[in-house]
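Please examine the sequence and the three-dimensional model shown below.

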Amino acid sequence: MSMVTLTIDGKEVTVPKGTTILEAAGTAGIRIPTLCFHERLSPIGSCRMCVVDVEGCSQPMAACDTPVAEGARVATDSERLFRIRQDSLKLILVNHPLDCPICDKGGECLLQDLVYEFGIDKVEYQARKPQPDTTYATPLIRYWPERCIYCLRCATACREIKGIGVIDIETTDNPGHMLTVNPEICVSCGECLKVCPTGALTENLSRYKGRPWLVNRVPTTCTYCGCGCQLELNVLGGRLIGITTTDEVGVNRGSLCMKGRFGYEFVGSPERLTRPLVRKNGKLEETGWDAALGVVAERFSMIKNESGPDAIAGLSSARVTNEENYLFQKFMRAVIGTNNVDHCARLCLSSTAAGLDATFGSGAMTNAIEDVLSAEAILVTGSNTTENHPIFANYIIEAVLKHGAKLIVVDPRRIDLVDYAHIWLQQKPGTDVAWINGFMHIILKENLHARQYIEQRTTGFEELEKCIEKYTPEYVSDITGIPVDDLYEAARTYGKASPGSILYALGITQHTSGTNNVKSLGNLAMLCGNVGVKGGGVNPLRGQNNVQGACDLGALPNVFTGYQQVADIAAREKFSQAWGVENLSAEPGLTVPEMFSGAETGRVKAVYIMGENPMISDPDINHIKHCIEKLDFLVVQDIFLTETAQVADVVLPGAVFAEKEGTFTNSERKVQRVRKALEPPGDAREDRWIITALAEKMGSYMEYMHAEAVMDEIRTVTPSYAGISYERIEGGGIAWPCPSVDHPGTPILHAKEFTRGKGVFFAIDFQPSAETPDDEYPFILSTGRVKQHYHTGTMTRKGRGLTQLYPELLAEVNPADAARLGVQDGDYVTISSRRGSIKVKVWLTDRPGEGVVFVPFHFHEAAVNLLTNTALDPVAKIPELKVCAVKMEKAS
């Protein structure tokens, strides 16, 4: 790297060539005032606050966008520079109101700080005041035009961080500038709000405001998707009044999505459960904790004694902490005596655990998300990343726009990420094995595979080579609908890249071929030597905040914590000793679908559900309802009276993430702190308290003074978490495996060798989905999320902010299909499968291909899972939520 030496304020500084004067000064501890500059953005140079004198230059230079030069002599502080900066501020203040006492930004306004620093107490200049236009791109943010200094931070951040460009500045005669916005493409992420240095942009959601010195800001981890963003809970008077972030902290580096920044209203919702409920005479009635837990303990004990422990099943939760998941599975195994414990990963990413574990020896994301910045090619498939993992999408967009990565998107819908892609392949839903085999066929035929890597680090290559011989581009095109030329281009792009990264989500996993889909992606990555390297890997993006942690901590029917098999004698002996119990069951328990089937047959008589809502989230809801009705006893522990809680015998009110201590583990395997900022409402309790209190009612004592004590126990029984303590992660998360307290964590898995020794290639043939279109049901239905909502809507639909952005359910229908049906945009259609029907409003869009309809699953009023198929992947037992056959007709 070429270095440059210069002198700044008499101090010799050596920095890499291309460094700006501002950056060089920062390395020397020399502060230059700035206003429009932001560390994450390209230099803007609009404010003239950072001007410096460079020897030999007749005019002051902007330090933010002037590169260093060998031997340059720079002065950052002089009487002349002080006056220039002072005049720059005065020009800004001509049209800026001096309303600091009532401005929301007062006390943390950069402009206010600079005015004070430069001693400005009056402005001599005069100008015509602008006519205020408060129009803005999103109703969640209020625009104060009179406070806007046109620094361009907002516009630059939207363009460079989000890759969108909602905001622009127009030059006018009066007042000289005007902010313009495009609401149609705004994603309401609040990036503009975050970088605004004044009070020109303020949150328009919370009724309660507070000065910075009055507000308690509690750092914690976001409760939505698996990105694991770091944020601050702003608390005033016992209320959560907003969310803020700190620059460069966490995977999000200060950014958030609309849910992370504005989706906090559910915390203080008046609909929160505040007291236990017990069903009496057919109605749920409020009662005290002693009575409610007494009923649960009595019924569980009776069923256990009469029908055995395996007659009871438990659903843990990807929304609660690691500590609470650990306690829940410990309760089921040590107190009840069964391995019948599972959680929502069964419905979303269980095929990842099965597929990657078989292929690599570990079922988790192999690389940190920032690694995509080092990738030459990025393959994204089955992931609507900009909507479901927006912060991870920021990295992908940055890799493309700033680092020159080639982006390949393979998805049946024209998702927003396609706008940044070099090539988009629109495959027919359910044909993933075919196109992946087609990629490998081309890569092998053109000798783009990593021969040495394959020979040294893998097994099974010969069988794979034979299997994919028939997957010619023409053969694959017939199956998938992908044009032959596009297959060649995409396969060559990935095959030639070194390294290449693969990212995927539920569009790959929620199929009867889900495990094979995942194994096939593992095949492709190993074929090109892209596992165990920076910028490479196979990276499943977790859909919920702690689905990774729930799996890690044993909320699965076949493993204890750290994926230690319940069938293993040594593992059972270790946990028996740690828990002080004997005869832990060696029989793997029931999965989620098997639990409900067991209820139908009478095998399962009681179910304990914590933080899950299967009456909306599971396939074929009519069947789920039928199975629940067969139960003798149902306990639901949640924060709202969900559709599932409404049919429970006992409802236990739990606490939200802002009301508890603990940890979440994000998609990158990074264990991060969750911190308590509020007390639960009424008599609601932390889930940790509820579980241990119930255990005590049943005669087992699980005494923990605090959440940290639970983590201390986790560390003793979980090798991959052994080196992770609250003290170590206080300043930032650690990625497992972390086997000791002096271990730094493992951002990249399989670097020297695969966890299982050698990676295994699997020869996999394409198999069609369980249910394909026919004359009676000619359309394919696919389900998923929209960016405004989350899971079954129990959090995002409890406030006005996100609800006003997406107030009602919309079915995405291709215009060509709509024309044949005589349906127009905004009409209602009836969509029916072999299992049920729903009535839904139509959104005409080219996002789905012809013959495909997409319906989100957040709305109980027209629950799309009334239609979906219960057909299972034979290995992972995951339902095929992404493909079922439906018919569609205009509603009368």
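This is a predicted model: local features need pLDDT of at least 70, side-chain atom pairs count only at pLDDT 80 or more; totals for chains, interfaces and linings use all residues.

T7 of β1 has R73 as its bridge partner in β5. Strand β5 covers residues 73-75 and runs parallel to β1, to which two bridges join it. Strand β1 (residues 3-8) also pairs with strand β2 (residues 11-16), here in the antiparallel sense and over six bridges. The hairpin of β1 and β2 has two residues between the strands, and in it D9 adopts a positive phi near 50 degrees.

The chain as a whole is divided into domain 1 (3-77), domain 2 (125-267), domain 3 (277-348 + 549-732), domain 4 (373-540) and domain 5 (779-890). Between the centres of domain 1 and domain 4, taken over C-alpha atoms, the separation is 43 Å.

Two or more lining residues come from each of α3 (110-117), α5 (191-195), β9 (201-203), β12 (239-244) and α6 (258-262). The greatest contribution is that of β12, with four residues. By class, the lining of the largest pocket comprises 15 nonpolar, nine polar and 13 charged residues.

The next topic is an open sheet of seven strands, with mixed pairing and the order β14-β13-β25-β24-β23-β15-β16. Its edges are formed by β14 (283-286) and β16 (341-342); each has a single partner strand, so one side of each is left without a neighbour in the sheet. Within this sheet, β24 (residues 633-638) and β25 (residues 650-653) are parallel and share four bridges. Q637 is paired with L652 in β25. Helix α25 (residues 687-697) packs on the sheet and touches β23 (606-610), β24 and β25, with its direction at about 155 degrees to that of β23.

A further open sheet contains three strands in the order β26-β27-β28, and its pairing is antiparallel. β26 (662-665) and β28 (734-735) stand at the edges with a single partner strand each, so one side of each has no neighbour in the sheet. Strand β27 (residues 670-674) is joined to β28 by two bridges, and K670 stands opposite A735 in β28. Helix α8 (residues 322-336) lies across β26 and β27 and runs at about 95 degrees to β26.

The largest cavity has a volume of about 560 Å³. Of its 35 lining residues, L506, Q510, T783, G784 and K882 lie nearest its centre. Two or more residues of this lining are given by each of α9 (345-348), α18 (506-509) and β30 (779-784), and β30 gives the most, with three residues. The lining of the largest cavity divides into twelve nonpolar, 18 polar and five charged residues.

The second largest cavity holds about 180 Å³ of space. It has 17 lining residues, and R319, V320, I639, A655 and V656 are the closest to its centre. Eight nonpolar, five polar and four charged residues make up the lining of this second largest cavity.

Note on methods:
Residues are numbered from 1 along each chain as its sequence is written. Side-chain values use heavy atoms; hydrogens and water are left out. Ala, Val, Leu, Ile, Met, Phe, Trp, Tyr, Cys and Pro count as nonpolar, Asp, Glu, Lys and Arg as charged, and the others, Gly among them, as polar. Two strands pair if DSSP finds at least two bridges between them. Contact means heavy atoms within 4.5 Å. Axes are lines fitted to C-alpha atoms, for helices over the stretch in contact, and angles run from 0 to 180 degrees between N-to-C directions. Domain bounds come from an automatic or database domain assignment. On a 1 Å grid over the protein atoms alone, a cavity is a set of points where a 1.4 Å probe fits but cannot get out, and a pocket is an open set with protein on both sides within 12 Å along at least five of seven lines; lining residues have an atom within 4 Å of a point. Grid points are joined across faces, edges and corners, and a volume is the space filled by probe spheres set on the points.
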